[in-house]
Amino acid sequence: MYFYLKKEYQILESYISDNNSDLILTYNVIKNCSKYLIDILKEMETQHLLKAEEKRKENYYTIRDAYNHQEVDYQELINYFDISNDIGSSDHTRLPLEWIKRAVYFIFLNKTCYNGLYRLNSNGKFNVPFGRYKNPLICDEENLMEVQNILKTTVIFQGDFSKSLNYINEESFVYLDPPYRPLNSTSNFTSYSTGRFNDDSQKKLAEFFKEIDRRGARVMLSNSDPQNQDEQDNFFDELYCGYEIERVAAKRNINRDAKKRGAISELIIRNYP
Ligand SMILES: C[S@@+](CC[C@H](N)C(=O)[O-])C[C@H]1O[C@@H](n2cnc3c(N)ncnc32)[C@H](O)[C@@H]1O
């Protein structure tokens, strides 16, 4: 959505944020030193693809372990990027190699893990198993360069969604893409980070949506539609009563049961027609 908007419209100022520090780290590395990132990632791709299937699997778990055991001082990282946002500079070609390596691991795992999932266990360790792909494109150089180009004019920050309120006024358009509310008790995938995004979090986010509305900005939010599972479940209809709630057909393939992959209804909620 973000990259689409940046390509289609002339936007004066733009911001992205997420509370996943590694996602924000990766965006920052792409923004500031994609050349180094591409060199390292390309080499990793070559080494990986030279291996036969079983060896690739071993390699995947070695890299997953390295990612899970790498020590990162997130506070240092957050301070660093907050300062570079403040001074509006994107010329940080000498980010610590450890950070570049972490971004490389992050992309490598995303491209080689099962279904491109990102999931952490309760100890904060990435626990997605190996994905079987014939010929995964791990280092998509052209795409990474295009992303860098777009991120050059983007303020990127880590934190809870509430942190973005500072940047919102009546001229803003805000897109909220929260963890989807699980459709049933077995599909309880709400963990992109160690904290769970539960119904209370959805309610806090709805309050935030209303605050954005009061500030005069346009706001759009997407979420799962509980009525796929239970027609009587009006959780979001009640939470966002009075706003535009549109049900759209979406193709989803992140489901462990292949038969359940396909078009399902999802929600787009807006404060404008
Ligand atoms: C559906 S994903 C969207 C990711 C991203 N927009 C994308 O398209 O790649 C939901 C995101 O919400 C983030 N998240 C979870 N809790 C959050 C919070 N309290 N504040 C900000 N972001 C949060 C997760 O880290 C995850 O990246």
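The model is predicted, so local features need a pLDDT of at least 70, side-chain atom pairs count only at pLDDT 80 or more, and totals for chains, interfaces and linings use all residues. Residues are numbered from 1 along each chain as its sequence is written. The chain has 8 helices and 6 strands; helices (H or I, at least four residues) and strands (E, at least two) are DSSP runs, numbered from the N terminus.

**Confidence**

- The chain averages a pLDDT of 89, where pLDDT is the predictor's confidence in each residue, from 0 to 100.
- A score of at least 70 is reached by 89% of the residues.
- Where pLDDT is low, the predicted coordinates should not be read in detail.

**Overall layout**

- Going along the sequence, the pattern reads α-β-α-α-α-α-α-β-β-α-β-α-β-β.
- Of the chain's 273 residues, 20% count as buried; buried takes 20 or more other C-beta atoms within 10 Å of a residue's own, exposed 12 or fewer, and partly exposed is in between, with C-beta atoms placed from the backbone.
- Among contacts with a separation of 6 or more, 73% come from residues 24 or more positions apart; two residues are in contact if their C-beta atoms, placed from the backbone, lie within 7 Å.

**Helix α2 and its partners**

- Helix α2 (residues 21-49) packs on helix α6 (residues 141-151) at an angle of about 140°, with the axes 8 Å apart; axes are lines fitted to C-alpha atoms, for helices over the stretch in contact, and angles run from 0 to 180 degrees between N-to-C directions.
- That makes α2 oblique to α6; under 35 degrees counts as roughly parallel, over 145 as roughly antiparallel, 65 to 115 as roughly perpendicular and the rest as oblique.
- The α2 and α6 crossing is left-handed, a label used if the near helix is turned anticlockwise from the far one by less than a right angle, with right-handed for clockwise.
- On the α2 side the contact with α6 uses Y27, I30, K31, S34 and I38, and α6 answers with E141, L144, M145, V147, Q148 and L151.
- Sorted by type, the residues of the α2 and α6 contact come out as 7 nonpolar, 2 polar and 2 charged; Ala, Val, Leu, Ile, Met, Phe, Trp, Tyr, Cys and Pro count as nonpolar, Asp, Glu, Lys and Arg as charged, and the others, Gly among them, as polar.
- α2 also packs against α5, here at about 85° with axes 7 Å apart.
- That makes α2 roughly perpendicular to α5.
- The α2 residues in this contact include L25, V29, C33, L37 and M44, and those of α5 include W99, I100, V104 and F108.
- The contact of α2 with α5 divides into 15 nonpolar, 1 polar and 3 charged residues.

**Helix α3 against α5**

- Helix α3 (residues 53-69) and helix α5 (residues 97-112) cross at roughly 140°, and their axes come within 10 Å.
- The two are therefore oblique to each other, and their crossing is left-handed.
- Y60, I63, R64, A66 and Y67 of α3 meet Y105, F108, L109 and T112 of α5.
- By type, the residues of the α3 and α5 contact are 7 nonpolar, 1 polar and 1 charged.

**Residues to look at**

- K6 sits in helix α1 (residues 2-8) and counts as partly exposed, with 18 C-beta neighbours inside 10 Å.
- Setting aside neighbours within four places in sequence, K6 is in contact with I11, S14 and I150.
- K6 and T154 are 148 residues apart in sequence, yet 9.6 Å apart in space, C-alpha to C-alpha.
- N115, in the loop between α5 and α6, has a positive phi of about 60° although it is not a glycine.
- Most residues other than glycine have a negative phi.
- N115 is exposed, with 12 other C-beta atoms within 10 Å.
- D160 lies in the loop between β2 (155-158) and β3 and is partly exposed, with 13 other C-beta atoms within 10 Å.
- D160 and N20 are separated by 140 residues in sequence and by 9.1 Å in space, C-alpha to C-alpha.
- F197 is in the loop between β3 and α7 (199-214) and is partly exposed, with 19 other C-beta atoms within 10 Å.
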